[in-house]
Amino acid sequence: MSAYNFAYLDEHTKRMIRRAILKAVAVPGYQVPFGSREMPLSYGWGTGGVQVTASVIGPGDVLKVIDQGADDTTNAVSIRKFFERTTGVPTTTRTDLATLIQSRHRIPETPLHAGQILVLQVPIPEPLRWLEPREAETRKMHALEEYGVMHVRLYEDITRHGRVAQTYEYPVLVNDRYLMRPSPIPKFDNPKLDMSPALLLFGAGREKRIYAVPPHTRVRSLDFEDHPFEVEHWDRPCALCGARGVFLDEIIVDDKGGRMFACSDTDYCARRQAEGAIGPNGA
Amino acid sequence: MKGGERAIENAHRLLAEERRGDPAVPELALAQIDQQLGLAVDRVMIEGSLHDRELAALAIKQAQGDLIEAVFLLRAYRTTLPRLGVSLPLDTMRMTVGRRISATFKDLPGGQILGPTFDYTHRLLDFDLGDTAARPGDASEEATVVETPEPPATLDPLPRVVDLLDREGLIEPVAAPPDDEPVGDLTREPLQFPASRDVRLQNLARGDEGFVLALGYATQRGYGRNHPFAGEIRQGEVAVELVPEELGFAVEIATIAVTECQMVNQFRGSAVAPPQFTRGYGLVFGNAERKAMAMALVDRALRCRELGEAPGSPTQDEEFVLYHSDSVEASGFVQHLKLPHYVDFQSELVLVRDLRAAAGAVPKP
Amino acid sequence: MSLGDDRPLLSVRRLVKRYGPQVACLDVGFDLWLGEVLGVVGESGSGKTTVLDCLSGRVAADGGRVEYATAVGDVVDVRRLDEPRRRRLLRTEWGVVHQNPRDGLRMGVTAGANVGERLMALGARHYGGIRDAALSWLTQVEIAADRVDDLPETFSGGMQQRLQIARNLVTRPRLVLMDEPTGGLDVSVQARLLDLLRGFVADLGLSAIIVTHDLAVARLLAHRLLVMRAGEVVESGLTDQVLDDPQHPYSQLLVSSVLHP
């Protein structure tokens with residue numbers, strides 16, 4: 001890989017992407033079109049996130065890559081290796097020690113701090129897409145703040161199910177202006193977007209959009225006054241470390257329906273265990 | 001090294017073994033792919049948006065013959081290449097023609113030149129081809145080179161059929177964009193709507209052949225029918241010319257093989273212009289008529305807006321066609337479903353269990 | 001809000017629309033006053049629907065002025081409004097009732113959502129409140145309250161049309177444009193719908209422009225009429241006058257060719 005530039009992309013491309021990122025930061029929640037490039041991994045595997053990370057990473061960074069909250073899922077491993085080979089930047093599994101975190105489908109349980117950048121991988125950036133397939137029309141709706149149709153959708157959910165049926169990619173209003181799709185994080189993670197001290201960047205490679213939530217920005221999940229937004233709950237703690245109030249993975253342990261619930265965030269769980277926390281299933 | 005890493009390393013090792021296949025069988029040489037599977041190379045080049053026969057052959061070999069995967073490899077490589085300049089538009093009038101046919105006239109200046117084509121072969125498997133003992137110099141049944149009594153070289157350049165119609169004012173003139181208007185570049189800028197014709201044509205040229213073919217077929221069956229005639233299809237070599245800044249004049253940097261198709265379409269009943277034939281255009285690398293023709297059909301269908309026709313079919317829906325034509329994007333997104341989605345699925349499970357519990361507690365009226 | 005006698009609600013002058021060499025409507029002008037219903041009658045091809053489409057902005061007119069006096073008292077040239085304002089106008093002070101209710105409804109969402117959408121677009125965020133408003137309007141258009149959670153697909157044509165009307169009226173528009181509101185409905189269903197519309201015009205002080213080829217509908221609903229033929233207005237006046245004593249030969253032809261049961 002020595003024939004390639006630092007972080008694979010040429011400087012011209014990185015500059016183009018950084019310009020898009022700056023625009024995105026200037027208009028929180030607004031989807032900025034950018035000239036996404038074909039990358040060595042497939043569309044759908046995080047090319048948008050990789051391009052964003054490649055454009056902001058520097059030799060002084062410490063990189064963490066997770067997928068479904070875990071550092072050792074195959075895709076996280078693959079992306080981490082890619083950056084190891086193309087940048088030589090040190091990597092870590094520790095959320096608190098990372099300066100740059102690329103993630104698919106989760107925000108870490110460990111609260112982020114100022115100076116950190118979280119890059120989220122986005123398959124479908126447009127929050128109105130399932131309600132209006134045409135891009136020309138959705139761009140107009142964003143420009144004119146015509147978001148009534150999204151509330152109609154929520155109304156319908158409540159009519160049909162008694163509650164909003166959206167459990168991930170839950171739509172949010174950013175800075176009281178733009179409707180945004182926060183990537184397929186579970187709604188459980190939505191509150192972490194609100195007034196975060198970190199910079200949140202969102203990259204969609206195939207759809208060619210970048211958007212951002214700058215630090216300390218209001219991010220509100222859509223709801224009705226009499227049906228307020230609420231997150232998932234589990235009636236038991238993590239089996240391994242005993243943590244409560246975190247997102248748990250359901251793991252099937254035998255073919256008789258036996259199941260175990262454990263922290264989705266492997267780093268969070270591992271460190272709790274290292275500090276002596278023990279869950280019902282022991283260490 | 002944790003479990004996930006080991007799994008990937010093993011997977012890559014297995015893949016390398018699969019790719020090589022039985023070590024007792026001779027390994028493919030890139031030249032063999034380029035020469036004897038040339039049409040695959042042509043396809044990978046045009047969909048990969050990169051003209052390099054050797055690289056395309058390498059991609060095909062590395063991808064074990066999976067052409068969509070090969071296109072992906074070529075595109076990814078292309079990303080790393082610097083942009084040195086922009087060539088002059090290819091002048092297909094100055095093509096060294098190997099094949100040229102028209103369905104609109106029985107005969108035409110320069111003649112109908114059949115060239116190498118599958119068209120009149122009988123699709124009978126030729127088991128003689130299975131004899132691996134090489135028989136160089138044998139003319140195979142499958143390629144027929146027929147020349148009209150007058151050698152085509154007497155007409156140079158070979159005139160265009162559509163130009164003959166143009167002289168009578170029967171076909172819409174080609175609206176050349178103003179010189180200072182830059183040509184769009186899909187490989188550099190994202191697609192925006194409404195899309196201009198140059199960008200649409202780029203999208204179709206590098207679009208998946210199966211998709212473009214299916215849509216072209218659909219237009220013929222009534223989905224945005226545009227009453228096409230094959231005005232002219234020509235294949236041959238054209239010069240690629242560049243004007244280096246330091247020289248100020250054009251320099252030929254390569255010759256490449258291309259296939260060009262110009263469809264002549266009937267224009268009916270619009271209040272915007274008097275009756276004239278209209279155009280559809282297709283241009284691809286190498287010998288790829290099917291793609292060039294399909295491209296021309298879909299190009300014409302997508303021109304409905306500028307020709308004052310009401311779009312009624314998916315083939316005329318710009319966003320539908322242009323967003324889904326890219327096999328690399330499509331392949332990626334379809335296959336990404338293999339990636340873990342268990343966190344989101346867990347959220348769904350929580351909800352569905354809750355809803356079912358609530359439904360059980362309160363029976364529906 | 002009262003406008004006073006000297007200022008019409010809507011003032012149209014020299015409206016023109018062409019499709020290539022063909023003239024769809026030419027030199028159309030009229031005033032519409034608060035609380036007034038204007039009928040636009042003529043055969044198909046007369047240009048009456050084109051006039052409506054030009055007013056709503058569904059098609060771009062080629063010339064003319066369309067001045068509207070807004071609820072806050074200023075006068076805007078609708079043709080020159082920027083798109084955000086125009087779209088907002090169509091969602092609040094104006095209503096558009098399409099001939100085919102499917103064009104004016106969201107067929108895939110419930111009746112309640114259809115009626116509540118405008119409220120949600122304007123910022124209503126209380127589910128119970130939105131639903132109550134929807135129920136109230138469904139009752140007003142004589143749709144049974146227990147249909148609030150049903151999809152419009154399950155409604156009869158007449159019900160769909162009444163739902164479309166409710167969807168428009170929920171923001172209390174001052175001006176409603178209607179294109180053949182009773183088209184395609186059975187005679188008895190038409191009668192019921194017309195009664196409803198007459199009631200709304202009277203009770204809500206609605207102004208309306210109703211395009212119809214059915215003179216009986218015009219007589220029942222409109223205070224004044226424009227008779228159109230081949231894109232031009234050939235006669236205008238009070239409804240009863242035009243229908244009982246038509247002056248222009250074409251109006252006479254139109255009136256005399258109505259079948260009397």
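The sulfur of Cys241(A) lies 3.7 Å from the closest cysteine sulfur, that of Cys263(A), which is too far for a bond, a disulfide being a pair of cysteine sulfur atoms within 2.5 Å. This is a predicted model, in which local features need pLDDT of at least 70 and side-chain atom pairs count only at pLDDT 80 or more, while totals for chains, interfaces and linings use all residues. Residues are numbered from 1 along each chain as its sequence is written, and side-chain values use heavy atoms, with hydrogens and water left out.

**Cysteines**
- Over all chains, the structure holds zero disulfides; Cys263(A) is in none, and the nearest cysteine sulfur to its own, that of Cys238(A), is 3.7 Å away.
- Cys241(A) is buried, with a relative accessible area of 1%, and Cys263(A) is buried at 7% (buried means under 20% relative accessible area, exposed over 50%, partly exposed in between, with a 1.4 Å probe and protein chains only).

**Largest cavity**
- The structure holds three cavities of 30 Å³ or more, a cavity being a set of points on a 1 Å grid over the protein atoms alone where a 1.4 Å probe fits but cannot get out, with lining residues having an atom within 4 Å of a point.
- The largest has a volume of about 160 Å³, a volume being the space filled by probe spheres set on the points, which are joined across faces, edges and corners.
- Its lining comprises 19 residues, of which Gly44(A), Trp45(A), Gly46(A), Val122(A) and Pro123(A) lie nearest the centre.

**Second largest cavity**
- About 100 Å³ of space lies here, and the lining includes Trp130(A), Met150(A), Arg153(A) and Glu169(A).

Conventions: Chains are lettered from A and ligands numbered from 1 in the order in which they are written. On a 1 Å grid over the protein atoms alone, a cavity is a set of points where a 1.4 Å probe fits but cannot get out, and a pocket is an open set with protein on both sides within 12 Å along at least five of seven lines; lining residues have an atom within 4 Å of a point.
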